Amino acid sequence: MTDKKTQVAVIGAGPGGYAAAFLAADLGMAVTLIDPEQNPGGVCLYRGCIPSKALLHVSRLITEAAGADAWGVSFGKPKIDIGKMRRWKSDVVGALTSGLGRLVTQRKIDHVRATAEFLDDRSVTLTDNEGKKSTLKFEHAIVATGSRASKIPMFPPDSDRIWNSQKALDLKTVPKTLLVVGGGYIGLELGSVYAAIGSKVTVVEKLPHLLTGVDRDLVRFLHKGLAERFESILLNTTLTEAKIQKNGVKVTFREQDEKPQTRVFQQILVAVGRRPATDGLGLSKIGVTLNGEGFIQIDAHCRTTAGGIYAIGDVAGHPMLAHKAAYEARIAVENIAGKEVIADPAAIPAVVFTDPEIAWTGLTESAAKEKGITVEVTRFPWAASGRAVTLGRSDGLTKLIIDPDSERLLGVGIVGPGAGELISEATLALEMGANATDVALTIHPHPTLSETFKEAADIFHGTATHYYRPKRTKK
Ligand code: FAD
């Protein structure tokens with residue numbers, strides 16, 4: 001065992017960990033970044049956000065090309081070369097992760113390919129990929145170990161017939177029939193990819209809606225689109241049994257009080273959520289407390305219950321999103337650098353990259369109801385947007401949640417192609433404390449989908465140009 005020393009040890013090199021390591025190095029600290037992969041990237045770049053979006057881009061192209069028939073352009077049935085598609089996805093991942101590797105070198109960060117376990121509150125044992133151990137002493141540590149896919153005990157984990165999101169992204173085959181277990185964003189995004197390249201996709205969700213917790217006004221557009229592309233969407237339906245057999249997996253479902261049904265699927269994708277990656281870190285030894293859901297408990301400074309140890313990203317709580325991890329990285333590092341900063345974002349945007357996309361930021365209508373907050377809601381349908389109609393995409397909506405007294409914007413939800421790009425303007429507006437008049441008086445370029453944000457604000461005043469709703473008078 002050789003002993004090394006560092007100022008800041010960052011455990012895990014996902015979008016939280018590498019952002020923290022880069023900033024700490026930029027602020028002049030000696031940094032060691034620990035992760036088993038060759039380059040930084042974590043789940044997001046190797047087996048999450050980036051490969052899934054690369055494949056979703058291809059599936060969107062296929063769907064758009066099929067729709068072009070109505071405009072007098074016919075491309076015919078697409079020929080799918082799955083090997084080429086896989087290589088393209090891997091090239092995207094390779095380009096981005098090797099770019100991060102170069103940034104590690106330029107910043108003179110010590111990148112150690114290993115797994116870390118706390119020995120005590122000032123040192124970790126590092127086990128490299130060959131099993132060789134060493135010790136690293138640190139002044140501060142940032143735990144950024146992310147999350148892992150949750151499993152369902154009914155499915156044997158080692159069967160080729162059962163995929164998690166990582167295996168689905170490997171794109172080894174295009175199954176004739178695919179059952180997606182779980183109607184959350186990961187299942188719907190990957191289900192959309194496989195449906196576009198030829199699989200008959202069924203989604204089973206035990207709750208009454210797809211994307212539980214997401215505004216129903218937004219989800220209904222997506223549900224309609226997916227109902228056309230997927231073979232079936234089974235809601236309120238529970239899986240009761242699964243048997244691996246030669247030709248696939250025999251699955252039994254039960255929809256509420258209905259009789260159980262049995263079907264055989266060539267492939268199953270289990271996408272039932274993710275759990276924090278805290279196993280094997282030795283956290284209990286050093287007094288790091290986990291909360292009831294198994295996340296590392298942190299305060300607004302991203303400090304854990306053990307002095308000098310911080311936690312960020314998926315391992316430190318919801319929402320489990322890459323940009324939330326990167327935001328927390330800044331908070332943790334600035335605190336280590338001696339600044340008194342806290343995490344207090346006005347809003348954390350979330351995007352579902354399906355077709356249409358769904359994006360929201362800040363307060364939702366249902367959360368306002370639950371919390372008893374009085375709000376005014378305005379909805380601008382994309383059927384009234386010139387840009388949306390030129391794209392042949394009236395299947396969208398921009399929705400604002402506004403405080404009726406101060407006119408302050410409290411939340412925004414958008415469904416439609418490009419919603420993920422549009423939501424940033426809304427998030428900036430929330431961060432800047434904008435009100436409906438600020439948004440309405442901001443000149444938006446024409447014809448763009450961004451105008452739907454301005455027009456939704458105009459609706460609040462009863463003055464939208466392309467939509468008629470008289471101003472509501474206060475009771
Ligand atoms: P991670 O990215 O999970 O990285 C953690 C790293 O720590 C990993 O490299 C892991 O190997 C390493 N590690 C774990 N334990 C140890 C240890 N003991 N020692 C050393 N290293 C360790 N989020 C979005 O915002 N947008 C999206 O579009 C999106 N799409 C997704 C699609 C899929 C299919 C999946 C699975 C996830 C997606 N996510 C998306 C979620 C996103 O990937 C995570 O929120 C994000 O990666 C969390 O970043 P992190 O830094 O907390 O950890």
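Why is helix 13 largely enclosed by the rest of the structure? Select residues 451-461 and take a look: nine of the eleven residues of helix 13 are buried, so the rest of the structure largely encloses it. (Buried is under 20% relative accessible area, exposed is over 50%, and partly exposed is in between, with a 1.4 Å probe and protein chains only; helices are DSSP runs of H or I with at least four residues, strands are runs of E with at least two, both numbered from the N terminus.)

Before moving on, some ground rules. This is a predicted model, where local features need pLDDT of at least 70 and side-chain atom pairs count only at pLDDT 80 or more, while totals for chains, interfaces and linings use all residues. Residues are numbered from 1 along each chain as its sequence is written, and side-chain values use heavy atoms, leaving out hydrogens and water.

**Around helix 13**

Now colour the buried residues of helix 13, among them Phe453, Ile459 and Phe460. Their cover includes strand 20 (376-381), strands 21 and 22, helix 11 and helix 12 (436-441). Just past the end of helix 13, click Gly462 for a positive phi of about 75°.

**Two cavities**

(On a 1 Å grid over the protein atoms alone, a cavity is a set of points where a 1.4 Å probe fits but cannot get out, and lining residues have an atom within 4 Å of a point; points join across faces, edges and corners, and the volume is the space filled by probe spheres set on them.)

Stay by helix 13 to begin with. The second largest cavity holds about 30 Å³, and both helix 11 (419-431) and helix 13 supply at least two of its lining residues. Select Leu422, Glu425, Thr452 and Phe453, which are among that lining.

Then go to the largest cavity, at about 50 Å³. Strand 19 (358-362) gives the most to its lining, with three residues. Other lining residues include Asp215, Lys399 and Val412.

**Aromatic pairs**

Last stop: rings. There are five aromatic pairs (Phe, Tyr or Trp rings, six-membered for Trp, with centres within 6.5 Å; planes under 30 degrees apart are stacked, over 60 edge-to-face, the rest tilted). Select Phe118 and Phe138, an edge-to-face pair at 6.0 Å centre to centre with 80° between the planes. Phe118 sits in strand 4 and Phe138 in strand 6, so this pair ties together parts 20 residues apart in sequence. Phe118 is buried at 0%.

Note on methods: 1 Å grid on protein atoms, 1.4 Å probe; cavity = no way out; pocket = protein on both sides within 12 Å on 5 of 7 lines; lining within 4 Å. Contact = heavy atoms within 4.5 Å.
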